[in-house]
Amino acid sequence: MTTRIYVPCDSAALAVGADEVAALIAAEAARRGLDIAVVRNGTRGLLWLETLVEVETPQGRTGFGPVDAADVPGLFDAGWASGHPLALGLVEEIPYLARQQRLTFARIGITEPRSLADYLAHDGYRGLRNALALAPAEIVATVTASGLRGRGGAAFPTGIKWNTVLKAPGTEKYIVCNADEGDSGTFADRIIMESDPFVLVEGMTIAGIAVGATRGYIYVRSEYPHAIARLEGAIAVARHHGYLGADVLGSGRAFELEVRKGAGAYICGEETALLESVEGKRGIVRAKPPLPALAGLFGKPTVINNVLSLATVPVILDKGAAYYQDYGMGRSRGTLPVQLAGNIKQGGLIELAFGVTLREILYGYGGGSASGRPIKAVQVGGPLGAYLPESQWDTPLDYEAFAALWAVLGHGGIVVHDDRADMAKLARYAMEFCAIESCGKCTPCRIGSTRGVEVIDKIRTGAQPVQQIHLLRDLCDTMLNGSLCAMGGMTPYPVLSALNHFPQDFGQPDTSRHAA
Amino acid sequence: MPAVANPAVDTPSVQATQAAVDDILAELFARLGDRQDQLLPMLHGLQDSAGYIPPDRVPAIAAHFNLSRAEVHGVITFYHYFRTEPPPRCVVQVCRAEACQSMGSDSLLEHAERTLGCGLHGRSADGAFGLEPVYCLGQCASAPALTINEAVFARVSPARFDALMAAAMPREAV
């Protein structure tokens, strides 16, 4: 009987040599006359173990990792047995994975991303079939009842957004997927698109049926060529099999989908800038109102959601609103895909119900820093998120709990820094990043960020520190309250949190224990 | 981790002749039509095929989409990804974002600058190698990361950088 050996084809695995591992496994098997089929699955999200090779056994899939090409002959010599130093046992039983609550990521790493048959065999397209049996308002009501909130930072309820578009007048409406995941420390969208692209295609199709849109766009960053290729492949296959097109599954409803490639502008992750970019213009933010739900792409009513929101819709339509709503705490319902990254021993994708503490993520899952040194600061929610000192690590992951700390949960990205981090330098970087990436439309962001770099430079060189820190706070206040969008409006989060919690890095006396 | 042959690294960047650029443009214009929302796909198509967006073609592009030259120029220059001169044979992009910084991308960048003999946004003396920043490749849990002619590599130590470059560089340039 053919033994199946799984080698991930997610770009995180490819970036550490998975293609070579897969090729060598096939070559070694042929040389030894073994009946082996190499399957290219997605990633399990246990990224410190990539390349994570899995071998199918009667008990389940057993793992080996991280496997380098040089390890392959030895693994064959050892018969892929559990005694090998790289052996991990049954992958499903690795505590990091076994303790997760995977809803959006249920199929990730298990299936072949390119295979529609595999997707269907693992509950794929059940959500769409259920949706097609419902009236549009019922689909929207289901999404509303699930408690699903957007992952873009504002955490706006998805169902309410859809309802606005459903009720908006006009027959020409659009679904736009914001796949411009440019935040450092986030890669959940990338994993969805590369490892389970059909779930995004299905989620967008359901959204289209729900609000009466017949066309969707997925705006993917140019830094993700692999994700673009996977999505385009999935769309072509879905169209070929009648899951997209003029008559979706014989329902008489039409939905078409297209991938649009970004061009390296961070600001296009801001929804109105993204719409401008799809329209063929510079990605400059629009003033709101009007809301995109009423006047979005090409001036028409538009649902614009993140990858994770749209990719979560199929499971909600498959298993029901109550099933999803049962996870989570307070007003943060369902699960949050946490992305643990930076200086961490066991970085990866962790999908859990809201409510787990940051400390549990850092130590219970992450195993502490990669360098073995003490963790100093943790930035949550991307480059515009706050730096949290140890005194705040018992905060549960929950939108409201983070807001109370003057921090954001955003997209669930967590970047860990050890005790060597210079927080004044990181604060300077935040301002510099804003200066490079500002769209330039509003003055607080465009000018404020450049002045911010200069002021922090003066603080770091010890020139008039008291006055300059006063000036920096004043500048941050202007950016916070005067910017048109989150780019300028949130850059003060990393800057001020660094200053407030790590004043010693700015040459100030350490008063953080009182200030926090 | 040993160096591995990577097809993307071994292929020199495409640089088309003048006549070829006109052919590429004609094909793109015919395929994409003239709605303004096709401008970015068109610019991507041109850069993918010609290696860059020749500034002397901006008037033709503007005329095709019924836009002003300033509008097209504005779009090209707004986006970091688009380039208006031929790229070096080998482009190295080092991730500058926080997760990579936390794992030593600053010292990796310094190492790359020394090895290639140029700073960020610069080119090596022979013009063959270019060094550019990039802000997040989605490899944050396997930092630091970089690309060599768009092929992504993660967990890149200075030693691994040397091995990757040795595979990418022609022998005489090492």
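**Figure 1. Domains of chain A in the predicted model.** In this predicted model, the domain assignment divides chain A into domain 1 (3-96), domain 2 (116-326), domain 3 (328-418) and domain 4 (423-506). The centres of domain 2 of chain A and domain 3 of chain A, taken over C-alpha atoms, are separated by 26 Å. Where these two domains are in contact, 22 residues come from domain 2 of chain A and 24 residues from domain 3 of chain A.

**Figure 2. The interface of domain 2 and domain 3 of chain A.** The size of an interface is often given as the accessible area lost when the parts come together. Between domain 2 of chain A and domain 3 of chain A the buried area is about 1,700 Å², and carbon and sulfur atoms give 58% of that area. On the side of domain 2 of chain A, Arg149(A), Arg151(A) and Phe187(A) supply 33% of the area buried against domain 3 of chain A, which is more than any other three residues. One salt bridge is found across the interface of domain 2 of chain A and domain 3 of chain A. Arg149(A) also forms a salt bridge with Glu400(A), in which the closest N and O atoms are 3.3 Å apart.

**Figure 3. Polar contacts and elements on the domain 2 side.** Across the interface of domain 2 of chain A and domain 3 of chain A, five residue pairs are in polar contact, with both residues at pLDDT 80 or more. The elements giving two or more residues to the side of domain 2 of chain A that touches domain 3 of chain A are α9 (188-195) and α14 (321-325) of chain A, and the largest share, three residues, comes from α9(A). By class, the residues of this side of domain 2 of chain A divide into seven nonpolar, nine polar and six charged.

**Figure 4. Chain B and its contact with chain A.** For chain B the domain assignment gives domain 1 (10-78) and domain 2 (90-173), and the C-alpha centres of these two domains of chain B lie 28 Å apart. In the contact between the chains, 42 residues of chain B meet 61 residues of chain A. The area buried between chain B and chain A is about 3,800 Å², of which 55% is given by carbon and sulfur atoms. Within chain B, the residues that lose the most area to chain A are Phe78(B), Glu98(B) and Tyr135(B), which together make up 18% of what that side buries.

**Figure 5. Paired residues and elements where chain B touches chain A.** Two salt bridges are found across the interface of chain B and chain A. Asp106(B) forms a salt bridge with Lys425(A), and the closest N and O atoms of this pair are 2.6 Å apart. Across the interface of chain B and chain A, 26 residue pairs are in polar contact, both residues being at pLDDT 80 or more. The side of chain B that touches chain A receives two or more residues from each of α3 (39-50), α5 (69-78), α6 (98-102) and β4 (151-153) of chain B, with the largest share, five residues, coming from α3(B). This side of chain B has 24 nonpolar, ten polar and eight charged residues.

Figure 6. Leu499(A) has its place in helix α21 (residues 492-501) of chain A, and Leu499(A) counts as buried because its relative accessibility is 3%, where the cut-off for buried is under 20%. Apart from its neighbours within four places in sequence, Leu499(A) is in contact with Ile469(A), Leu472(A), Arg473(A) and Phe506(A). Leu249(A) is 250 residues from Leu499(A) along the chain, and the C-alpha atoms of these two residues are separated by 56 Å.

Methods: Residues numbered from 1 in each chain as written. Chains lettered and ligands numbered in written order. Predicted model: local features only at pLDDT ≥ 70, side-chain atom pairs only at ≥ 80, totals over all residues. Heavy atoms only, no water. Domains from an automatic or database assignment. Contact = heavy atoms within 4.5 Å. Buried area = accessible area lost by both parts, 1.4 Å probe. Salt bridge = Lys/Arg side-chain N within 4 Å of Asp/Glu carboxyl O. Polar contact = N/O pair within 3.5 Å; in protein donor to acceptor, adjacent residues only side chain to side chain. Helix = DSSP H or I, 4+ residues; strand = E, 2+ residues; numbered from the N terminus. Nonpolar A, V, L, I, M, F, W, Y, C, P; charged D, E, K, R; others polar. Buried < 20%, exposed > 50% of the residue type's maximum accessible area, 1.4 Å probe, protein only.
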